[in-house]
Amino acid sequence: MIPPAAIFAAAAVVPVGIIAAFTIVERRRREALQQYSEQRGYRFEAKRPGAEIGLSEAFPIFRKGHGHAWGCTVTGQVG
């Protein structure tokens with residue numbers, strides 16, 4: 001029989017592991033985008049607070065939902 005303490009410990013470890021894995025994947029994605037941008041002469045911004053405000057009038061999609069903060073954007077000129 002499995003002791004109740006072991007069940008509670010496992011129940012605490014699993015969510016922590018999932019959060020840690022998500023954090024690692026997101027950090028690697030951000031680093032890859034930053035490296036891509038630097039190699040090609042583009043500008044990478046991890047966060048862009050308020051960037052959607054100027055576009056919300058032209059594109060109503062930016063007014064829907066929650067969490068309107070932009071992040072991990074690559075900007076620059078092509079050609």
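Modeller: What follows is a quick run through confidence, fold, surface and a few residues.

Biologist: What are the ground rules here?

Modeller: This is a predicted model, where local features need pLDDT of at least 70, side-chain atom pairs count only at pLDDT 80 or more, and totals for chains, interfaces and linings use all residues. Residues are numbered from 1 along each chain as its sequence is written, and side-chain values use heavy atoms, with hydrogens and water left out.

Biologist: What is the mean pLDDT of the chain?

Modeller: The mean is 87, and 100% of the residues reach 70 or more. pLDDT is the predictor's confidence in each residue, from 0 to 100.

Biologist: Where is confidence lowest, and where is it highest?

Modeller: Lowest in strand 2 (residues 70-75), with a mean of 86. Highest in helix 1 (residues 4-40), at 93.

Biologist: Which elements does the chain have, and in what order?

Modeller: One helix and two strands. From the N terminus they run α-β-β. Helices (H or I, at least four residues) and strands (E, at least two) are DSSP runs, numbered from the N terminus.

Biologist: Is that spread out or compact, then?

Modeller: More spread out than a compact globule, because the radius of gyration is 20 Å, well over the 12 Å that the globule rule gives for 79 residues. That radius is taken over C-alpha atoms, and the rule is 2.2 Å times the number of residues to the power 0.38. The C-alpha trace spans about 65 × 35 × 15 Å along its principal axes.

Biologist: How much of the chain is buried?

Modeller: Buried residues make up 10% of the 79. Buried means under 20% relative accessible area, exposed over 50%, partly exposed in between (1.4 Å probe, protein chains only).

Biologist: Switching to strand 2. Where does Thr 73 stand, buried or exposed?

Modeller: Thr 73 lies in strand 2. Thr 73 counts as buried because its relative accessibility is 14%.

Biologist: What does Thr 73 touch?

Modeller: Leaving aside neighbours within four places in sequence, Thr 73 is in contact (heavy atoms within 4.5 Å) with Arg 43, Phe 44, Glu 45 and Arg 48.

Biologist: What about Cys 72?

Modeller: Cys 72 has a positive phi of about 50°, although it is not a glycine. Most residues other than glycine have a negative phi. Cys 72 is also in strand 2, and it is buried, at 16% relative accessible area.

Biologist: And Pro 15, where is that?

Modeller: Pro 15 is in helix 1. It counts as partly exposed, at 38% relative accessibility. Its C-alpha is 36 Å from that of Ser 56, 41 residues apart along the chain.
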